[in-house]
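Dear colleague,

Please find below the structure that I am handing over to you. My findings follow directly after it.

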There are 2 protein chains.
Amino acid sequence: MSQNPVTNPGVGVTAARGFRAAGVTAGIKASGTPDLALVVNEGPSFAAAGVFTSNRVKAAPVLWSQQVVKGGAVSAVILNSGGANACTGPLGFQDTHATAEKVAEVLGLSAGEVAVASTGLIGVRLPMDKLLPGVETAAAALSEDGGEQAAVAIKTTDTVHKTAVAHGDGWTVGGMAKGAGMLAPGLATMLVVITTDALVEAPELDAVLRGATAKTFDRVDSDGCMSTNDTVLLLASGASGIVPDADEFAAAVREVAADLARQLIGDAEGASKDIRIDVVNAASEADAVEVARSIARNNLLKCAIHGEDPNWGRVLSAIGTTAAAFEPDRLDVAINGVWVCRDGGVGEDRELVSMKDREVVITADLNAGKEAATVWTNDLTAEYVHENSAYSS
Amino acid sequence: MSQNPVTNPGVGVTAARGFRAAGVTAGIKASGTPDLALVVNEGPSFAAAGVFTSNRVKAAPVLWSQQVVKGGAVSAVILNSGGANACTGPLGFQDTHATAEKVAEVLGLSAGEVAVASTGLIGVRLPMDKLLPGVETAAAALSEDGGEQAAVAIKTTDTVHKTAVAHGDGWTVGGMAKGAGMLAPGLATMLVVITTDALVEAPELDAVLRGATAKTFDRVDSDGCMSTNDTVLLLASGASGIVPDADEFAAAVREVAADLARQLIGDAEGASKDIRIDVVNAASEADAVEVARSIARNNLLKCAIHGEDPNWGRVLSAIGTTAAAFEPDRLDVAINGVWVCRDGGVGEDRELVSMKDREVVITADLNAGKEAATVWTNDLTAEYVHENSAYSS
């Protein structure tokens with residue numbers, strides 16, 4: 001969790017050696033809050049991997065960064081809030097290209113190694129007259145303790161900035177994330193940059209990142225809405241000079257990803273409850289994920305949880321819409337440990353369920369096998385409606 | 001629309017000859033409002049068809065009525081609000097059976113020709129000590145002008161009762177519906193009874209009903225939540241003695257179904273906007289339906305419409321999650337006739353869009369073929385959250 005003061009080196013993307021970062025106010029946001037982040041890998045290695053939204057409507061920076069990451073090397077990442085640069089046509093793509101060129105020019109890099117990420121309103125061009133000078137400001141502010149400012153600058157409706165860190169034997173993995181709405185898997189509905197000073201080649205980074213996201217960001221489903229801009233990058237500087245144990249490295253990346261994913265759910269728009277959905281005794285992991293996701297997307301259930309109502313009938317009606325292996329009269333459901341539904345019918349007294357805490361755990365036992373999966377979501381509130389109806393975002 | 005006074009014969013399920021109906025207060029609902037409806041087919045024909053929820057968790061009355069309808073003949077339908085009798089186990093099924101037996105006993109019928117439908121909270125047994133005496137009260141109240149009382153008695157969170165009628169050449173189709181939440185296709189998340197005095201055999205009724213529901217109730221998606229209790233029945237008394245033209249009869253049933261479906265959306269929980277989503281120039285009708293449904297289920301868009309914000313980026317991000325044939329840079333989107341998105345990018349000025357009316361039309365042109373489909377949904381509001389969080393339903 002990001003409880004460190006701004007002056008503390010070692011937060012987020014600058015926790016690992018070989019990285020500098022900055023977060024500045026370029027004036028892209030009308031609010032005048034920080035809106036441009038720059039992360040620079042100073043090597044000696046520039047290996048990188050990325051996963052991107054599976055939405056077929058992809059923002060210009062996603063199309064650009066997918067090409068950059070294919071090369072296997074990323075020297076810098078420029079991220080802006082205040083505009084998604086999605087559905088902006090060829091001119092929007094030119095804007096992304098120009099942004100990468102500007103970063104390359106200022107830092108003496110190749111534009112083909114500069115990834116770009118954007119977040120904000122879809123369908124609006126970015127104010128390049130503010131963004132390009134902002135790149136110079138950000139480059140001048142680059143620092144080994146800039147990780148926190150960078151995390152602040154990528155916020156949109158996030159109420160807090162989000163960083164995480166994990167340490168290996170002589171090497172470190174750190175990261176930052178933003179995301180509060182339009183959060184659903186497919187993959188990773190958020191902007192995330194994870195850095196490490198471990199010495200790891202791009203193909204292994206790719207495998208590790210895909211493995212971590214599949215079990216973390218992909219299992220966060222706040223509102224079922226898939227973004228056009230989701231980007232998760234993993235950059236390795238090799239500055240520690242250490243080639244880590246493969247399993248330990250994968251575990252560290254997954255730990256950072258899980259930490260950030262949990263923070264994303266904890267800050268979801270308008271949410272008053274964080275809901276962990278554990279599906280157990282499924283015939284397959286895919287079945288468990290399908291059932292958990294169906295529960296996570298049930299608006300009626302999300303309203304009930306908001307009202308602290310252990311309405312298990314809505315859980316069963318959500319399970320019933322899936323193709324997973326189960327018998328309706330063998331379903332068990334617990335809410336915060338009380339098995340309110342047994343054998344598809346009435347179980348323990350629902351009055352026994354306490355739902356006062358922010359975290360609510362729903363356990364669905366399919367009694368159909370030995371596999372399990374967990375998906376995180378949050379409740380549906382009037383505040384969510386307000387945040388997403390009162391102004392464009 | 002049901003603007004007729006209670007004393008007017010010919011409303012809803014009693015619009016067609018050969019039917020009597022009643023709606024009474026049995027005391028199932030704590031509110032003391034009407035909660036038990038009875039519809040009786042007096043023949044000479046008893047042909048019937050039904051479609052039921054595709055939720056695999058099915059309420060006891062659904063399991064019962066599926067068997068009744070398989071026989072092709074229905075003499076009476078007993079419908080209660082105030083309890084879904086879903087997830088109530090073998091005892092719940094016995095309650096449904098006992099209800100059908102009671103109707104059969106009072107009316108001198110076979111229980112195997114009595115369909116049962118229930119709606120209300122899942123996971124609670126019905127108060128049979130009130131329901132069974134209520135059957136006697138309802139039987140005593142049966143009347144040729146009882147269609148309106150029957151429509152009133154099946155309401156749950158509905159604010160108005162819903163009936164519709166269509167006339168053929170010497171024959172009539174009439175119907176009633178209830179449903180305000182847990183409205184999503186799969187099939188028909190609602191209770192609906194449609195009656196006709198036309199002389200039509202059960203297999204044709206089945207084909208006509210499936211054809212009508214596929215294009216009407218199945219294309220209503222209020223909140224993406226599929227019920228455990230959805231039931232749509234079509235009963236033919238043959239009392240007109242007329243064998244209708246097949247196409248005219250199908251059109252009349254579809255007209256009544258479409259009318260009732262539109263009324264359901266117009267009364268959806270908490271809604272302030274009715275949203276018609278027209279997907280045009282799709283490669284297939286299935287593509288058009290998939291895209292329309294994805295748009296209909298996008299919470300962020302539903303919030304934006306509530307705020308009268310023509311946020312077409314959320315339409316594109318919803319389209320992008322589908323597998324339908326389209327090119328992202330050839331998508332056009334209009335909101336209330338203004339083409340705010342052209343070629344996947346910014347189109348006409350969004351300031352030109354007026355969203356003051358209750359009905360909002362979103363047109364998505366996939367430019368990928370010649371097929372089309374329409375799905376109805378509504379906006380997402382703080383009132384929806386309140387209705388579904390403040391108490392169990």
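This is a predicted model: local features need pLDDT of at least 70, side-chain atom pairs count only at pLDDT 80 or more; totals for chains, interfaces and linings use all residues.

As regards polar contacts, the rule finds 1 residue pair across the interface of chain B and chain A, with both residues at pLDDT 80 or more. On the side of chain B that touches chain A, the elements that give two or more residues are α8 (299-306), α9 (312-319), β13 (345-346) and α10 (382-389) of chain B. The residues of that side comprise 23 nonpolar, 22 polar and 6 charged.

The contact involves 51 residues from chain A and 51 residues from chain B. Together the two chains bury an area of about 3,900 Å², and carbon and sulfur atoms account for 59% of this. Of the area that chain B buries against chain A, 17% comes from R56(B), N299(B) and L300(B), more than from any other three residues.

A second topic is the annotation. An unreviewed UniProt entry places the feature "binding site" at T156(A), K178(A), T189(A), E269(A), N388(A) and S393(A). One of these positions, T156(A), lies in the loop between α4 (147-153) and β6 (162-167) of chain A. Leaving aside residues up to four places away in sequence, T156(A) touches S81(A), T119(A), G120(A) and K178(A); K178(A) is itself among the positions in the UniProt record. T156(A) has a relative accessible area of 30% and is therefore classed as partly exposed, as this value falls between the cut-offs of 20% and 50%.

Yours sincerely

Technical notes: Residues are numbered from 1 along each chain as its sequence is written. Chains are lettered from A and ligands numbered from 1 in the order in which they are written. Side-chain values use heavy atoms; hydrogens and water are left out. UniProt positions are given in the numbering used here, feature names are shortened, and annotations may be inferred rather than shown by experiment. Helices (H or I, at least four residues) and strands (E, at least two) are DSSP runs, numbered from the N terminus. Buried means under 20% relative accessible area, exposed over 50%, partly exposed in between (1.4 Å probe, protein chains only). Contact means heavy atoms within 4.5 Å. Buried area is the accessible area (1.4 Å probe) that two parts lose on being put together, summed over both. A polar contact is a pair of N or O atoms within 3.5 Å; within protein, one must be able to donate a hydrogen and the other to accept it, and residues adjacent in sequence count only if both atoms are side-chain atoms. Ala, Val, Leu, Ile, Met, Phe, Trp, Tyr, Cys and Pro count as nonpolar, Asp, Glu, Lys and Arg as charged, and the others, Gly among them, as polar.
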